[in-house]
Amino acid sequence: MKPNHTNLSFILALFLLQSVLGQMPRNQDPYVKAKSKPIAYIEQHSLDSRILGQNVALDVYLPETYNEASDRHTYPLIILLENEFFYQITGVVKHLSSVSSMPEAIVVSFPNDFEKFYAPKVYTNDSDFWPKSWKQMPFDGAPDTFAKFLREELFTYLKTNYRTADYKMIVGTSPTSTFPLHAFSKIPDLFQAHVAIAAGDILGMGYLPGETFIDVITKSIKSNPNRRAHLYVTSADEDTNHDSEIGKNLIALEKQLSTFTSKNLKLKAEVFTNESHYGVVLPAFIAAMETFFPKKKWNLDFGDFEKQSGNTLDNIDAYYAGLSKEYGYDVLPKADRWNSGSSLRASANRLLRQKRFEESIAVYKRLVEYCPKSAEALSSLASALEANKNYAEALTAQKKAFLLAKQYDTNHLKYYKENMEKIASKVANQKTE
């Protein structure tokens, strides 16, 4: 007779469980849950929309540093129309922003369906990608209604509850890419950046029979060639192989976009190779971020600011003032950055080691301003002041660090107290000299 593997597995599992229980104190419940706390910075909201006539659920992702950063920090807003990709996109945003390949951003999506599909009812122009019987896409929600909801309700609600910047991006995929293309063409002030993924078929559609989004996008840019506008459109080669018109649409749009040279325009259309219709979402989003936030402008070597003539902090401020002007919101330098020397903290540390005390102190003070809950930032400032023999000011900073540590860093209280006492002794010695 063959052994019953199911029974053997059950007996073995039971034996192991009994062994574990036998090693535990009798009064200890093995099933008591350990204390837990959330590690994802995601909140859920419910918004009653008078304009849409329905309750709208919201998933809101916040940058990791949001609650520790100063009130000066504001964050671009990314509206994601496909909630299916919420966790994937937020993961990419977290990573890219941590390595300074894009700004930290707030991401919002809608976990429940809208009661209508809000997009212009465009003509398909006999697209082979959709049923031939569809002369127009069967969208049943007016795009102007959705735009009104975004502008008057959603953006206002988010601005009230979060520090959102005046830079907004919308991301759509496949049919939901219709609204970003519409917004770019017809409501240019609603968003500053538009991402349309798996959208090559939609490009061939238009508001009138025979008209295409290629036409209306080109016309929109020509009407205001100096506007601040970011657009990225793509499809996977899986789709272009299925319908060659999709590839032709993207090539035609890229050709049109290449004729516009304003520094305020960041435009790209391309076919992604070796990707599927929805598999292209993540690589396309990464490519869009590189288009909008090129690494040569965002992923900087802060050592260069220190090597330039003049004061280091002035050099940093001058660069980020230019970046702020270009993007239309207050872009601030990174206070700290994981495993990198390109941040205010790292720059201040280097300046201190080089005995450029005044410059180091100035950068540390900015770090303290940007990180008002950081005892470590204040203690670092105290060390720089101490090195420059500004003992009284150093003691004041270290006392503040100790008080902050009582609130936010109790594990290192001993360190802050010892450093405070060491500086206090130097102040006392200075008074007796």
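Leaving aside neighbours within four places in sequence, which residues is Asn-315 in contact with? The views below start there. This is a predicted model, so local features need pLDDT of at least 70 and side-chain atom pairs count only at pLDDT 80 or more, while totals for chains, interfaces and linings use all residues. Residues are numbered from 1 along each chain as its sequence is written, and side-chain values use heavy atoms, with hydrogens and water left out.

**View 1. Asn-315 sits in helix 12.** Beyond its close sequence neighbours, Asn-315 touches Phe-305, Gln-308, Ser-309 and Gly-310 (contact means heavy atoms within 4.5 Å). Asn-315 counts as buried at a relative accessible area of 13% (buried is under 20% relative accessible area, exposed over 50%, partly exposed in between, with a 1.4 Å probe and protein chains only). Helices here are DSSP runs of H or I with at least four residues, strands are runs of E with at least two, and both are numbered from the N terminus.

**View 2. Ser-343 is found in the loop between helix 12 (312–327) and helix 13 (344–353).** With a relative accessibility of 1%, Ser-343 is buried. Setting aside neighbours within four places in sequence, the contacts of Ser-343 are Phe-302, Lys-334, Ala-335, Asp-336 and Arg-337.

**View 3. Helix 3 (residues 143–161) has a kink of about 35°, centred on Leu-150.** That bend is the angle between axes fitted to the seven residues ending at a residue and the seven starting there. Even so, the 19 residues of helix 3 reach 26 Å from first C-alpha to last, close to the 27 Å expected (the expected span is 1.5 Å times one less than the number of residues). Leu-150 is itself one of the buried residues, as are Phe-146, Phe-149, Glu-153 and Phe-155, among others. The cover over the buried residues of helix 3 includes strand 1 (42–49), strand 2 (54–61), strand 5 (164–173) and helix 4 (178–186).

**View 4. Helix 4 and helix 6 cross at roughly 30°, their axes coming within 8 Å.** Axes are lines fitted to C-alpha atoms, for helices over the stretch in contact, and angles run from 0 to 180 degrees between N-to-C directions. Thr-178, Leu-181, His-182, Phe-184 and Ser-185 of helix 4 meet Phe-213, Val-216, Ile-217, Ser-220 and Ile-221 of helix 6. This contact splits into six nonpolar residues, four polar and no charged (Ala, Val, Leu, Ile, Met, Phe, Trp, Tyr, Cys and Pro count as nonpolar, Asp, Glu, Lys and Arg as charged, and the others, Gly among them, as polar).

**View 5. Helix 6 (residues 213–223) also packs with helix 8 (residues 244–257), at about 10° and with the axes 10 Å apart.** That angle makes the two helices roughly parallel (under 35 degrees; over 145 is roughly antiparallel, 65 to 115 roughly perpendicular and the rest oblique). Ile-214, Ile-217, Thr-218 and Ile-221 of helix 6 meet Asn-249, Ala-252, Leu-253, Gln-256 and Leu-257 of helix 8. Here the tally is six nonpolar, three polar and no charged.

**View 6. Helix 14 (residues 357–370) is largely enclosed by the rest of the structure, because ten of its 14 residues are buried.** Among them are Phe-357, Glu-359, Tyr-364, Arg-366 and Tyr-370. Helix 12, helix 13 and helix 15 pack against the buried residues of helix 14.

**View 7. Helix 16 (residues 391–408) packs its buried residues against helix 15 (375–387) and helix 17 (413–432).** Those buried residues include Tyr-391, Leu-395, Gln-398, Phe-402 and Ala-405.
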